[in-house]
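Take a look at the chain below. We will walk through it step by step, from the overall fold to single residues.

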Amino acid sequence: MNKQELGNQDKKEKARELTEDEKKRLKDFEELADRMVQQGYCRVELTVSIIKANWFAILLLIPLFVVGGGLFYLKNRGLGDERLISSLLIFFGAYLVLIVVHELIHGVSWSLFAEHHWKDIAFGFMKQYMTPYCSCRVPLSKGQYIFGALMPLILLGIVPMLVGILIGSWLITLLGIVMADAAAGDILIVWNLLKYRSEAKEIVYMDHPTQAGGVVFEK
């Protein structure tokens with residue numbers, strides 16, 4: 001059956017130089033995809049362009065600051081007593097650590113449902129876009145895929161932002177806002193998945209091994 005291209009159309013991005021590990025994962029994925037197509041499945045690409053995700057993150061930051069900052073001000077009527085310079089140093093250090101934790105949360109979340117758990121999780125880094133990523137090697141259900149995709153947004157973005165507002169810490173609130181924005185690509189991926197409609201009786205969801213987003217196999 002035909003392969004539908006509904007996802008990332010950026011040819012330069014899709015043709016980026018891969019590491020040896022990425023090449024092996026892509027080879028294994030394509031072999032699995034070929035077997036599924038031979039079994040009568042139609043392959044539907046729902047990947048997302050990193051460039052598009054970065055632009056979305058820039059736009060998303062505005063409403064996040066308006067909502068998060070507005071709620072913080074309404075609750076606390078000010079910025080509190082935190083020292084600016086030391087707080088900013090802590091912020092940048094924490095941000096770098098949390099970017100890594102973001103991908104680990106993806107991995108831990110998906111590993112709960114993967115056949116071989118942590119062994120089915122892989123990590124990589126797109127040096128051209130300075131973007132780390134996590135990938136699951138095995139099929140997942142729609143709910144499992146969305147769960148793993150959104151957990152960093154919830155745990156590192158929404159929860160810290162609300163906690164920061166409640167306890168009056170603008171540093172924690174700011175970290176929550178920025179980490180919620182760091183999940184912009186995940187939000188796009190889930191949006192693509194949710195808006196895709198299919199009447200197929202059998203649907204299998206796979207994370208793409210080298211691109212952001214997933215691939216649907218259906219028949």
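Helices here are DSSP runs of at least four residues, and they are numbered from the N terminus. The model you see is predicted.

Glu22 sits in helix H2, which covers residues 20–38. Is Glu22 buried or exposed? Its relative accessible area is 2%. Buried means under 20%, so Glu22 is buried. What does the side chain of Glu22 have beside it? One of its polar atoms lies 2.9 Å from the backbone nitrogen of Thr19. Now set aside the neighbours within four places in sequence. Glu22 is then in contact with Arg16, Glu17, Tyr133 and Thr210.

Step back to the whole chain. The protein chain has 7 helices and 6 strands. The C-alpha trace spans about 65 × 35 × 35 Å along its principal axes. Of the 219 residues in the protein chain, 47% are buried. Next, think about contacts between residues at least 6 apart in sequence. In the protein chain, 72% of these join residues at least 24 apart.

Now turn to the helices.

Begin with H3 and H6. Helix H3 runs over residues 50–76, and helix H6 over residues 170–181. Their axes are 9 Å apart, and the packing angle is about 155°. Angles over 145 degrees count as roughly antiparallel, so H3 is roughly antiparallel to H6. The crossing of H3 past H6 is right-handed. Which residues meet here? From H3 come Ala57, Leu60, Leu61, Leu64, Phe65, Gly68, Gly69 and Phe72. From H6 come Trp170, Thr173, Leu174, Ile177, Ala180 and Asp181. Sorted by class, this contact of H3 with H6 holds 10 nonpolar, 3 polar and 1 charged residues.

Go on to H5 and H6. Helix H5 covers residues 142–167. The axes of H5 and H6 come within 7 Å, and they cross at roughly 155°. That angle makes H5 roughly antiparallel to H6. H5 passes H6 in a left-handed crossing. On the H5 side, the contact uses Leu153, Leu156, Gly157, Pro160, Met161, Gly164, Ile165 and Ile167. On the H6 side, it uses Ile172, Thr173, Leu175, Gly176, Ile177, Met179 and Ala180. How many of the residues in the contact of H5 with H6 are charged? There are no charged ones, with 11 nonpolar and 4 polar residues making up the contact.

The last pair is H3 and H5. These helices pack at an angle of about 25°, and their axes are 8 Å apart. Angles under 35 degrees count as roughly parallel, so H3 and H5 are roughly parallel to each other. H3 passes H5 in a right-handed crossing. Here Gly68, Leu71, Phe72, Lys75 and Asn76 in H3 meet Met161, Gly164, Ile165 and Leu166 in H5. The contact of H3 with H5 has 5 nonpolar, 3 polar and 1 charged residues.

Stay with H3 for one more residue. Val67 lies in helix H3. Its relative accessibility is 46%, so Val67 counts as partly exposed. How far apart in space are Val67 and Gly93? They are 24 Å apart, C-alpha to C-alpha, and 26 residues apart in sequence.

Phe125 lies in strand E3, residues 121–126. At 40% relative accessibility, Phe125 is partly exposed. Beyond its neighbours within four places in sequence, Phe125 is in contact with Met130, Thr131, Pro132 and Tyr133. Tyr133 is also among the contacts of Glu22. Phe125 and Glu22 are 103 residues apart along the chain, yet 9.8 Å separates their C-alpha atoms.

Finally, look at His117. You will find His117 in the loop between helix H4 (84–111) and E3. His117 is not a glycine, but it has a positive phi of about 55°. With a relative accessible area of 44%, His117 is partly exposed.

Terms used: Residues are numbered from 1 along each chain as its sequence is written. This is a predicted model: local features need pLDDT of at least 70, side-chain atom pairs count only at pLDDT 80 or more; totals for chains, interfaces and linings use all residues. Side-chain values use heavy atoms; hydrogens and water are left out. Helices (H or I, at least four residues) and strands (E, at least two) are DSSP runs, numbered from the N terminus. Buried means under 20% relative accessible area, exposed over 50%, partly exposed in between (1.4 Å probe, protein chains only). A polar contact is a pair of N or O atoms within 3.5 Å; within protein, one must be able to donate a hydrogen and the other to accept it, and residues adjacent in sequence count only if both atoms are side-chain atoms. Contact means heavy atoms within 4.5 Å. Axes are lines fitted to C-alpha atoms, for helices over the stretch in contact, and angles run from 0 to 180 degrees between N-to-C directions. Angles under 35 degrees count as roughly parallel, over 145 as roughly antiparallel, 65 to 115 as roughly perpendicular and the rest as oblique. A crossing is left-handed if the near helix is turned anticlockwise from the far one by less than a right angle, and right-handed if clockwise. Ala, Val, Leu, Ile, Met, Phe, Trp, Tyr, Cys and Pro count as nonpolar, Asp, Glu, Lys and Arg as charged, and the others, Gly among them, as polar.
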